[in-house]
2 protein chains.
Amino acid sequence: MNLLLFAGSEREGTDRVRIRGRRVRHLREVFGAAPGHALPVGEIGGRLGRGTLLSLDGAEALLKVTLERDPPPRLPLVLVLALPRPKMLRRLLRAVAEFGVSELILVNSERVEKSFWQSELLSDQALHDYLLAGAEQARDTRLPAVALRRRFRPFAEDELPALCRGRRALVAHPGAAKPCPASPAGPLLIAIGPEAGFNDFEIGLLQAAGCTPVSLGTRTLRAETALVAALGRLGAPAE
Amino acid sequence: MNLLLFAGSEREGTDRVRIRGRRVRHLREVFGAAPGHALPVGEIGGRLGRGTLLSLDGAEALLKVTLERDPPPRLPLVLVLALPRPKMLRRLLRAVAEFGVSELILVNSERVEKSFWQSELLSDQALHDYLLAGAEQARDTRLPAVALRRRFRPFAEDELPALCRGRRALVAHPGAAKPCPASPAGPLLIAIGPEAGFNDFEIGLLQAAGCTPVSLGTRTLRAETALVAALGRLGAPAE
């Protein structure tokens, strides 16, 4: 926990915050914190600053906070991701928040197993918790907006064209002739398929909506590796 | 398993291969394979081709193989990685093999927990198995060479300068002014620190050996995310 994040609803007055649960355990067990302990804090969706621990009992902690800095800029990227298996999704949610992706759209695809859509991870609370872990890691207060689209075709035909307008829109596709750009300027969109890739029909719809197929190399990477590799290429600063 | 890999010691004559264990279970349970089933095969360290299943009993399978293609090129990269926690190491070994990294050197650092060096994952067999999973994924027959260096300073002072010569040598360092290059040509070396980063003394030794600090952006990424992001920048083809 590089940053202790709290919700606006946890404020008490102008500069007091009362927290519970996992963060209190972390303060005690990992930091061995006692009253007077200072640490970086942030308000979810808001600003960053310093907190000082005023009291810590079994279940809760009271902090005095001073917020004086804006959070880091977002990565202006819409990520369209075929729903991965739950175990992988957990890690990917963290990574997506670490990079500060502005919007994540989890979509269906022929090669997504139907059972993945039953995962408890797709509850608002679980999505929030995993994204929060990534934001804590990267010292950010803002979480990617997440949308679920259980039907690929209506999404690709009715929503995606508008999302692609004004953005450089890409689809990661192993067979593509064009390589994935590095650190392009301006708003982006990238679609990344399931383990076995989008099928030809889906690639056709993505292209019709405005996405250009790009390659991350000739190797067949796991979806998880491909996603983080793509974020590393697109998201890190230009040379 | 995008590729069935076998060892030279599993050959029987010029074109027969007898395999056991996990691969046999995978053939039966995932592929539902019966005699006549054809699939991509490769010899570890050797060539790629096609295999045809001749027989399959409880514990073993016999295949006829024809190898006619060279494996994909290596990524000419020496990766110097502070030993990560075992759970993370498993995934990183896979990713390193997926990218075809030529050499992996796991090193100590002040901020590496001592207990990580006791992990069973560091046995030759375990390293081999996880690298193999990455090679199967990426349809490669060659595995990264792995070396362990339990003392940082002798490694950095006595071995690293020679490794850096003739290579573009980098160290990922959050504070660096220079961004990490994308798809640079020629042989590379990159050093990546533990979760909390190399300490100043270690960064000094890495620089003295010839490594230039480069940044993957202002965000504090987990070591795992940083490694895959760096491989995505360095390893994918140039625009």
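**Notes on a two-chain predicted model**

1. Start with the layout of chain A: its assignment, which comes from an automatic or database source, gives domain 1 (4-69) and domain 2 (75-235). Residues are numbered from 1 along each chain as its sequence is written, chains are lettered from A and ligands numbered from 1 in the order in which they are written, and side-chain values use heavy atoms, with hydrogens and water left out.2. How far apart are the centres of domain 1 of chain A and domain 2 of chain A? Taken over C-alpha atoms, the separation is 33 Å. Where they touch, domain 1 of chain A gives 9 residues and domain 2 of chain A gives 8 residues to the contact (heavy atoms within 4.5 Å). About 670 Å² is buried between these domains, 62% of it on carbon and sulfur atoms; buried area here is the accessible area (1.4 Å probe) that two parts lose on being put together, summed over both. On the domain 1 side, Leu5(A), Arg22(A) and Ile44(A) lose the most area, together 64% of what that side buries.

2. There is 1 salt bridge between the two domains of chain A, a salt bridge being a side-chain nitrogen of Lys or Arg within 4 Å of a carboxyl oxygen of Asp or Glu. Glu136(A) and Arg22(A) also form a salt bridge, at 2.9 Å from N to O.

3. Now the two chains. Chain B puts 38 residues in contact with 38 residues of chain A, and about 3,000 Å² is buried between them, 49% of it on carbon and sulfur atoms. The interface of chain B and chain A holds 4 salt bridges. Glu98(A) pairs with Arg222(B) in a salt bridge, with the closest N and O atoms 2.7 Å apart. On the chain B side, the elements that give two or more residues are helix H2 (86-98), helix H3 (124-138) and helix H6 (223-235); these are DSSP runs, with helices (H or I) of at least four residues and strands (E) of at least two, numbered from the N terminus. H6(B) gives the most, with 6 residues.

4. Another salt bridge worth a look joins Arg219(A) and Asp140(B), again with the closest N and O atoms 2.7 Å apart. This pair crosses between chains, from the loop between strand S12 (212-214) and helix H6 (223-235) of chain A to the loop between H3 and strand S9 (145-149) of chain B.

5. Within chain A, Glu43(A) and Arg11(A) form a salt bridge, their closest N and O atoms being 2.7 Å apart. Glu43(A) sits in strand S4 (residues 38-43) and Arg11(A) in strand S2 (residues 11-12), 32 residues apart. Glu43(A) is buried at 15% relative accessibility, whereas Arg11(A) is partly exposed at 29%. A network of salt bridges also links Glu12(A), Arg18(A), Arg20(A) and Glu60(A).

6. Last stop, Ser109(B), in the loop between strand S8 (101-107) and H3 of chain B. Ser109(B) is buried, with a relative accessible area of 2%. Beyond its neighbours within four places in sequence, Ser109(B) is in contact with Ala82(B), Pro194(B), Phe198(B) and Glu202(B).

Technical notes. Predicted model: local features only at pLDDT ≥ 70, side-chain atom pairs only at ≥ 80, totals over all residues. Buried < 20%, exposed > 50% of the residue type's maximum accessible area, 1.4 Å probe, protein only.
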